[in-house]
Amino acid sequence: MSLVQRLGVTGLAVVALVTVVVASVAVGSVSLPVSEVLGALSGTRELESHLIVTDLRIPRTVAGLVAGACLAVSGVLLQGATRNPLASPALLGITHGGGFAVVVAVALLGLPPSVAVWAAFLGGAAAAGVALALATSGRDGLSPIRLVLSGAIVSAVLLAWTNALLALNEHAADDVRHWLAGSLAGRDAAAVAPLLPLVVIALAGSWLLAGPLDALALGDEQAVGLGQHPTRVRLLAGLVAVLLAAVAVALAGPIAFVGLAVPHVARALLRSGRHRQVLLLSAALGPVLLLGADIIGRVAARPTEVQAGVLTALIGAPLLVRLAVRHKATS
Amino acid sequence: MKASPRRAALSAIGVIMTVAGCSGASGGANAPANAGGAGERPTAVTVEHAMGTTDVPCAPERVVTLGQGQTDSVLALGVTPVGAVKPWTDDWYDYLPDEIEQVEIIGTELEPDLEAIAALQPDVILGSKLRHEALYPQLSQIAPTVFSETIGVSWKDNVSLWADALCRQEEGQEALDAYEQRADEIEARLEEAGKADTEVSLVRFMPDQVRIYLTGFPGSVLRDAGLNRPQDQQVDNWDESPQLIEISEERIPEMDGDVILVMVSDKWYAQTGGHDVDETMERWTSTDLWQGLSAVQAGNVHEINESHWNLGGGILAATTALDSIEDLLLP
């Protein structure tokens, strides 16, 4: 792909990102005149519409930007580290592990919601660890199919535990039901700020891991020949990926398909698997998908809303099928 | 209660009473047959209801009620059911008379326990097509079974129906008359106090959704007391309108009125500020959007107990709800 084409793709992604951000502020459950939206952006807080924009739409837009980027980058890292096109936070059990840990921490142990991100990180890391251990336990090692199966098993078990906990403890269920839906509604902008340093560190780590992951893509022996330590790279990439997914889970609850689909879209658009480019493009497209789903959810069921998590699955699944079919046709 | 729009019972369900033993089809069968001497009851009634026509021998003593409204209204008619479905809350609603403690629980409104019902050897079973349509054939084998079309908004028609099925038509009429009289009295006193035009908003915060009640049981009580509703909560067609709407946070302004009545649970009363019930309420009411509502500014937000405002759904609940209107608006 020529430099011009690459710039074109990047330009389109930026335009798409700006469009959804603008739409996310301007469009919602209630229709507001543009002048009032602009008024709110300039800091006015007189009308109800100003409050709707400043207190409701901007926080969920910020949460969507961060969660979408985290999920997509997490997917890129996981797919690169496992050299498995189906790897993603949801398929490796990270999402459900995080969800289970948050239910235990917040609903059962009564810890403050601010610990949710750490609970999600520990739960996600533990779940991914178990899934990986299961996957590598066999004689044929870490084959893509084993990894996906192990992740599915771990996810299913954790989901069952989560549901069992909620069924046994109704009060706890009430507390986390909203959270478990996978939604950007009612996000507190203040909840995003303390997570930002983490996100910045994790994204910087991803950037540094891009080169080593490119080497890994050539095969372990080649990677060693290029001076890399495959195991160390995998471990680091896995940790960063879990951290990013945990931030997303803490911000928006379990959101499906963003982490799986976006890296594929990015690679298809770039016609390249170079990690640095894929990471950048994914970080832009993740929020496009998540915020896009959120905006549709806001207007699809007026006067109420559909959770973004439901819609990402609805949008993401056919997208992935299409990519898979095209991939087969061209390869 | 489900959020789906429910059609109100189309019209009062006609009842034909016949004297069992007389050949039912003879000339005067359509005329009420209890025109006889003082307090004399027919030996059986033929009740037309949502599932067809059912003969009930008079007067049934062992009554099983399959819904909250049935239990409530049957008690109001002076009969204590032998079996009733569990209340929606952990304990029986406070407003119900003490006799309720003698009633055996026979499953839940959504899943009545057929074996337990059969074991009670009832004379008549009272349910609703909305909830129990599929169970009708089995219930009919246990005892004569009478169903209302729906529940909630049609509660007054249902009181007449239950009265007919219990051969207590007069008691039914008396109870309804007493209710209407009480409602008229409150309406007159509101007018005297210059509060006849008060626009009352009716809302409920739940863990996973927030609702505005338009019609339904609680809406009908407000209407009977002659109170108005805010613009956004008025309906064009009372019988066809959805009973309630679920709203998103952006629509908080639609919750405004001269007075906002917030339905809360018994549990809420028991432990105000409790962690479990109202995370949602806390989140929504802490927004500047809510704080800016005129009713909030004027201090006209009142908690009302959902037991008699929403869950009970019978004539005792409606009367208790009228009492609470009096307490709140006519101090």
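Me: Over how many bridges do strand S12 (residues 259–264) of chain B and S13(B) pair?

Reply: This is a predicted model, in which local features need pLDDT of at least 70, side-chain atom pairs count only at pLDDT 80 or more, and totals for chains, interfaces and linings use all residues. Residues are numbered from 1 along each chain as its sequence is written, while chains are lettered from A and ligands numbered from 1 in the order in which they are written. Helices (H or I, at least four residues) and strands (E, at least two) are DSSP runs numbered from the N terminus, and two strands pair if DSSP finds at least two bridges between them. Leu261(B) stands opposite His302(B) in S13(B), and the parallel pairing of S12(B) with S13(B) extends over five bridges.

Me: Which strands stand at the edges of the open sheet of chain B?

Reply: This open sheet has five strands in the order S11-S10-S9-S12-S13, with mixed pairing. Two of them have a single partner strand each, so one side of each is left without a neighbour in the sheet, and these edge strands are S11 and S13 (301–305) of chain B.

Me: At what angle to S9(B) does helix H7 (residues 216–224) of chain B run?

Reply: Angles run from 0 to 180 degrees between N-to-C directions, the axes being lines fitted to C-alpha atoms, for helices over the stretch in contact. Helix H7(B) lies across strand S9 (200–205), strand S10 (210–213) and S11 of chain B, and its angle to S9(B) is about 160°.

Me: How is H1(B) oriented to H5(B)?

Reply: Helix H1 (residues 68–76) and helix H5 (residues 155–165) of chain B pack with their axes 10 Å apart, at an angle of about 60°. Angles under 35 degrees count as roughly parallel, over 145 as roughly antiparallel, 65 to 115 as roughly perpendicular and the rest as oblique. The angle therefore makes H1(B), relative to H5(B), oblique.

Me: How far apart are the end C-alpha atoms of residues 169–196 of chain B?

Reply: UniProt, in an unreviewed entry, places a "coiled-coil region" at these residues, although its annotations may be inferred rather than shown by experiment. The chain there is 86% helix and 0% strand, and the distance between its end C-alpha atoms is 33 Å.

Conventions: Two residues are in contact if their C-beta atoms, placed from the backbone, lie within 7 Å.
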